[in-house]
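Subject: Structure for your files

Hello,

Here is the structure I said I would pass on. My notes on it follow below.

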Amino acid sequence: MSITISNISKSYKNVKALQDISFEVKENELFGLIGPDGAGKTTLFRILTTLLIANEGTATVAGFDVISDYKMIRNSVGYMPGKFSLYQDLTVEENLNFFATIFGTTIEENYDLIKDIYVQIEPFKDRRAGKLSGGMKQKLALCCALIHKPKVLFLDEPTTGVDPVSRKEFWDMLKRLQQKGITILVSTPYMDEAALCDRIALIQAGKILEIDTPKAIVKHYSKPIYNVRANNMYQLINSLNDYEYNHSVYPFGEFVHYTDKRADFNQKELKMYLETKNLTDIEIEKTIATIEDTFMELAK
Amino acid sequence: MKIILYIIQKEFKQIFRNKGMLPIIFVLPLLQLVILSNAATFEVKNIKFGYIDNDHTSTSRTLVEKFNASTYFDVLTDFPSEGLASSSMLNGEVDVVLEIPQYFERDLQKEKYNSLGITINAIDGAAAGVENVYVTQIVQNFNQNLKVDLLQVSDKQIQPITIETIPLFWYNETLNYKTFMVPGILVLLVTMITLFLSGMNIVREKEIGTLEQINVTPIKKSQFIIGKLFPFWVIGIGLLTIGLIIAKLIFDVPMVGSLVLMYFYTSIYILVILGIGLFISNFTDTQQQAMFIAWFFTVIFILMSGLFTPIESMPEWAQILTEFNPIKYFVEVMRMVMLKGSSFIDVLPQIIKTFLFAFIMNGLAVWSYKKTT
């Protein structure tokens with residue numbers, strides 16, 4: 001096991017950030033921690049990277065206890081905090097050199113590990129980190145977190161505030177790193193990224209809702225789900241919310257995801273109801289549940 | 001060791017790339033030294049002087065002439081009446097008004113006694129005291145001369161014996177105020193710059209989030225702290241050097257004592273300041289907070305250091321408090337060594353106390369650093 005977490009609880013004064021969290025991450029796994037802002041993802045990361053001590057419970061990372069062997073953990077993990085935190089007034093190369101030196105290594109020694117990523121930012125190696133674009137900064141931060149060849153990599157919301165193209169590139173990079181034998185624990189508020197993980201844990205308000213592979217999690221969603229569309233989105237949501245048989249109504253892109261309480265749901269009946277609400281161009285069709293639907297259902 | 005060297009190198013790079021900070025480190029302190037040493041003086045000069053001469057005789061004119069001849073007084077106005085003189089003082093146009101009574105000369109000759117009216121604007125009590133001394137000196141001097149003029153031959157036998165005192169001003173023979181102030185101002189700028197910079201420095205890493213990144217690395221806290229603070233130790237010593245050169249070149253302050261001793265003391269002293277800086281940065285989250293707290297302590301330390309006002313004239317409780325003020329010892333040592341040529345043994349008590357402060361402050365700082373992160 002690369003990471004084991006058992007019965008971890010942490011509270012800040014009156015706020016319970018984590019409540020009795022337990023799960024395991026296997027060797028060489030890409031594990032996603034999915035949850036909205038304030039769910040406790042960062043707190044968990046800080047406990048695992050030895051920055052914070054839990055109130056209760058134990059955890060090990062790469063076989064070392066987070067409290068008694070914290071020094072060993074610091075040698076063998078890479079951590080990329082959500083906020084870009086490198087020296088803005090040092091150049092790309094100086095930043096990388098700095099982190100290599102304090103880990104007692106050199107860029108050359110582990111160059112093959114970061115090569116794929118570093119070649120993309122190498123043309124700007126004499127530029128100050130503060131002057132890089134968002135995607136570049138993120139690549140540099142990843143390089144800095146990898147420079148000492150960590151066994152476990154912690155990425156706290158690495159793609160928040162990054163454009164869709166860079167996001168996709170970033171996930172491709174993670175996949176390649178995984179192939180090089182690095183265990184990756186990544187947190188994200190984006191449900192679409194969850195599907196790219198080997199396994200995911202859905203977390204909300206300091207509690208784990210569900211842990212499984214993305215495919216299995218979707219299967220947990222038993223109710224048939226419908227895409228509904230009409231000419232007026234706002235009125236559509238209001239009307240569906242007023243509908244007496246509705247089970248859940250969530251806007252989802254250009255559609256509204258709708259589920260019904262009844263087993264013998266009839267699409268025509270709903271269409272007729274919506275027409276009485278002066279909606280036109282109504283479309284109703286069955287669709288497949290996504291992780292987001294599962295999350296919303298579980299979080300209910 | 002390699003890691004410490006690398007952090008030091010990184011720190012210097014960051015200091016020299018900070019375009020806003022660089023002039024603050026090197027130019028402002030020197031401006032401060034040049035301006036403050038010239039301006040912060042307790043010498044009372046250019047006293048605005050007015051008089052009301054109700055006598056209009058040669059004696060009264062001689063008296064006014066005495067004031068005119070003095071370099072301290074600017075004789076401005078001859079007021080025709082007391083009322084005009086008071087309203088002029090109310091407006092702040094004159095500081096001192098001398099009133100010579102009617103029949104001044106005649107009464108003086110007849111009764112060998114007379115009195116003059118002196119009004120001094122005493123909003124600034126210290127200045128008023130000094131002005132009083134100047135006025136008394138001039139009047140006394142005038143009195144002496146007058147005696148000689150008025151004495152008749154028969155009185156010669158009963159001439160009183162006068163005792164004259166001739167003071168010798170040791171260590172600062174000409175009572176040059178700059179000689180006294182420059183070593184003190186030098187202390188001020190070494191202290192301020194090193195305290196502010198070190199106080200803000202680690203907070204800055206906290207603010208931009210790199211401290212968290214550093215904490216996940218295997219780097220030891222001692223390595224990190226030494227690496228971060230050493231550059232400011234160097235800057236402090238550098239400032240002392242530049243300050244000493246300016247003191248010699250521009251102000252020609254005598255440097256009687258050993259430079260080695262001055263540097264030795266300063267190197268310990270800066271450790272105290274860096275300890276305070278680190279301590280402050282452990283309890284603050286932003287550079288602004290750190291700056292504010294650093295300011296607060298510097299102002300108290302400086303005003304209670306004996307730099308501007310003598311410690312001996314403070315109330316007893318304040319004198320006890322100054323025992324815990326590192327700046328006080330630095331000011332003492334600089335003045336003792338530079339002006340008096342004190343040796344190592346003479347400043348040993350100060351060295352021991354400063355060393356103790358350095359030990360305690362850095363101990364507290366490192367202890368609190370561990371606790372808060």
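To start with one residue: is Gln213(B) buried or exposed? The model is a predicted one, and in it Gln213(B) has a relative accessible area of 5%. The cut-off for buried is under 20%, so Gln213(B) counts as buried. This residue sits in helix H8 of chain B. Leaving aside residues up to four places away in sequence, Gln213(B) touches Tyr79(A), Pro81(A), Ser85(A), Leu86(A) and Phe99(A).

The interface

Those contacts lead to the interface between the two chains. Chain B contributes 22 residues to the contact and chain A contributes 24 residues. Between them, about 2400 Å² of area is buried, with carbon and sulfur atoms giving 59% of that. On the side of chain B, the residues that lose the most area to chain A are Arg17(B), Gln213(B) and Val216(B), and together they make up 28% of what that side buries.

As for charges, 4 salt bridges are found across the interface of chain B and chain A. A salt bridge also joins the side chains of Lys13(B) and Glu94(A), at 3.3 Å from N to O. On chain B, the elements that give two or more residues to the side touching chain A are helix H1 (2-17), helix H7 (177-208) and helix H8 (210-215). H1(B) supplies the largest share of that side, 8 residues. By type, the residues of chain B that touch chain A divide into 8 nonpolar, 6 polar and 8 charged.

Ile246(B)

Elsewhere in chain B, Ile246(B) lies in helix H9 (residues 221-249). Its relative accessibility is 15%, so Ile246(B) counts as buried. Not counting residues up to four places away in sequence, Ile246(B) touches Leu30(B), Leu33(B), Val34(B) and Phe251(B). From Ile246(B) to Val333(B) the C-alpha to C-alpha distance is 19 Å, and the two are 87 residues apart in sequence.

Chain A

The secondary structure of chain A consists of 11 helices and 14 strands. Along the principal axes, the C-alpha atoms of this chain fill a box of roughly 70 × 45 × 35 Å. Chain A has 300 residues, of which 52% count as buried. Of its contacts with a separation of 6 or more, 68% are between residues 24 or more positions apart.

One is the pair formed by strand E1 (residues 3-12) and strand E2 (residues 15-25), which run antiparallel and are joined by 7 bridges. Within this pair, Ile5(A) stands opposite Phe23(A). E1(A) and E2(A) make a hairpin with 2 residues between them, and Lys13(A) in the turn has a positive phi of about 50°.

The other is helix H1 (residues 41-48) of chain A, which is mostly covered, with 6 of its 8 residues buried. The buried residues are Lys41(A), Thr43(A), Leu44(A), Phe45(A), Ile47(A) and Leu48(A). After H1(A) comes Thr50(A), with a positive phi near 65°.

Regards

Key:
Residues numbered from 1 in each chain as written. Chains lettered and ligands numbered in written order. Predicted model: local features only at pLDDT ≥ 70, side-chain atom pairs only at ≥ 80, totals over all residues. Heavy atoms only, no water. Helix = DSSP H or I, 4+ residues; strand = E, 2+ residues; numbered from the N terminus. Buried < 20%, exposed > 50% of the residue type's maximum accessible area, 1.4 Å probe, protein only. Contact = heavy atoms within 4.5 Å. Buried area = accessible area lost by both parts, 1.4 Å probe. Nonpolar A, V, L, I, M, F, W, Y, C, P; charged D, E, K, R; others polar. Pairing = 2+ DSSP bridges.
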